[in-house]
Amino acid sequence: MRYRPRLLLLAIPMLGVVWSLPAQERPIRRRFLDPSTPTSDDPRRVPMPAERGQVHGTIVLRGGRVFDGSGAPPSPLTVVITRNVITALLPAGKIDWPADAKVMDVTGKTVLPGLIDLHTHLTYTDVGVSETRADHDGDAALRGAERLRYWIESGVTSVRDVASHGEVPFILKEWVSAGRIPGPRVFAAGKLITGTGGHGAEAELPSIARPWRAIRQASGPDDWREAVREQVRAGADVIKVASHFSKEEIEAAVQEAHELGLKVCADAETFYIQRAVEAGVDVIEHPLPRSDETIRLMAQRGTQADPTLVPYEIIFDNSGGYFGATSRRFTFSKAANLEMLRRLKVAGVTLGIGTDLVFDWFRYMPNAYLTEMHRFMDVGFTAREVLSIATKTNAKILDMDDKLGTLEAGKLADILVVDGRPDEHIDDLAKVDVVIRDGRLVVERGQVIIPRHEAKPMPTPKTN
Ligand SMILES: [Zn+2]
């Protein structure tokens, strides 16, 4: 008899969790696609013809220590890439490729899956740029192209861009995937959706300040739903939201995104994180404050986290604090952010790596990415575990783990070769030698290579 009340107390919160699960599960659209149906190489999974892209031939990486992304120690293997796909991992010494293959000797170097950055803003303007210039589509596109080079030369072969200028991120995505500009794959959210005056839409004098064109302010559940559809129409691979939002607004946005087959990530803080997790948001960005109860709920629900400690370190170091934002009305510090990362790890929350470099901070690459990795090691991850997070886990958070994130036969050929042993010394990652993205050799000796253009013969006169 004495135990009854205790059992009841335990049962109540458990029932709460069970009840809240089914309504928020993500409908799996892919279940209606036969696995043999070729689809677009993004989370949208639009059916596509099997033969596409202009990459031909075979590349062989021979003599390297292959870290496959799984977390297992590197082993001596030869990687064979046919067109844009990894077709074989051969035991060292075995030769099995066509005679005309391009064979690259990577003896002593480490071969690993291309890194993924889960949090970019490719079109963000530098400080001191005029509003007219900042607002210009052409300038925004070129800013993006400039930054893509920093990422690809840092060994990053995919970025998740979580709010950029207008339709520019989708154009960047297209140009990269067609091989017309060098860069990582761009998985774009389009605009960030937030409540009126919410994060990203804070201005001292909103009547004269033009809203940043990466922001879509929305008001009421129907408008939040519409804002999601607008991003989907533009080509979104993921939906990005930011606090503030009501329960009804975030629920409407999550339901709409999930039904359209996309994950939702949220820049949220304090009780908004709890609200986002309850509504079924898939990924929480940043190390912002939240309760232990919220962390527990994240672990229970499988809500993932992209803690991005590095941008806050830059802010704290440059400004001594985070000032002037109504959406950041709480006290936080480097130590508190590291503690948040530690608590998320202890709770068993799936963690990913993103940099969130704004202004001209892209110039910190790859150091910013490495700093984020060091914070993960500060809370107890090994270098090998962090490498696996940056590749395999990040691909999972991107919703691309069936095509990216590990070196396995059948996966897309996004590969990094570094002149060192990053699984032992993480800073060796900066010694980028070769980067292959989608079967294309994009970086050699640490530098983007742009092959000479192929001249098309003049048209032959038509005879009639
Ligand atoms: Zn951001």
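1. Let's start with histidine 119. In this predicted model, histidine 119 is buried, because its relative accessible area is 0% and the cut-off for buried is under 20%. Histidine 121 also counts as buried, at 8% relative accessibility.

2. Both of those histidines sit at the metal. The zinc ion takes its protein donors from His119 (through NE2), His121 (through NE2) and Asp356 (through OD), and these lie 2.1 to 2.4 Å from the ion. If you are looking for the site in the sequence, the spacing of the donor residues is H-x1-H-x234-D.

3. Next, have a look at a pair of helices, H11 (residues 367-378) and H12 (residues 383-397). In general, two packed helices are described by the angle between their axes and the distance between the axes. Here the axes come within 9 Å and cross at roughly 120 degrees. H11 and H12 are therefore oblique to each other, since 65 to 115 degrees would count as roughly perpendicular and over 145 as roughly antiparallel. The crossing of H11 and H12 is right-handed.

4. Which residues make up the contact of H11 with H12? From H11 come Tyr369, Met373, Phe376 and Met377, and they meet Ala383, Val386, Leu387, Ile389, Ala390 and Asn394 of H12. Sorted by type, that contact has nine nonpolar residues, one polar and no charged.

5. Now for threonine 58, which lies in strand E1 (residues 58-66). Is threonine 58 buried or exposed? It is buried, because its relative accessible area is 10% and buried means under 20%. Setting aside neighbours within four places in sequence, threonine 58 is in contact with Val80, Ile81, Thr82, Pro98, Ala101 and Lys102.

6. Last stop, alanine 201. You'll find alanine 201 in the loop between strand E9 (192-195) and strand E10 (215-218). Although alanine 201 lies in a loop, it counts as buried at 18% relative accessibility. Not counting residues up to four places away in sequence, alanine 201 touches Thr194, Ile215 and Gln217. How far is alanine 201 from leucine 112? The two are 89 residues apart in sequence, and in space they are 39 Å apart, C-alpha to C-alpha.

Definitions and conventions:
Residues numbered from 1 in each chain as written. Predicted model: local features only at pLDDT ≥ 70, side-chain atom pairs only at ≥ 80, totals over all residues. Heavy atoms only, no water. Donors = N, O, S within 2.8 Å, 3.2 Å for Na, K, Ca; no water. Buried < 20%, exposed > 50% of the residue type's maximum accessible area, 1.4 Å probe, protein only. Axes fitted to C-alpha atoms, helices over the stretch in contact; angles between N-to-C directions. Helix = DSSP H or I, 4+ residues; strand = E, 2+ residues; numbered from the N terminus. Parallel < 35°, antiparallel > 145°, perpendicular 65-115°, else oblique. Left-handed = near helix turned anticlockwise from the far one by under 90°. Contact = heavy atoms within 4.5 Å. Nonpolar A, V, L, I, M, F, W, Y, C, P; charged D, E, K, R; others polar.
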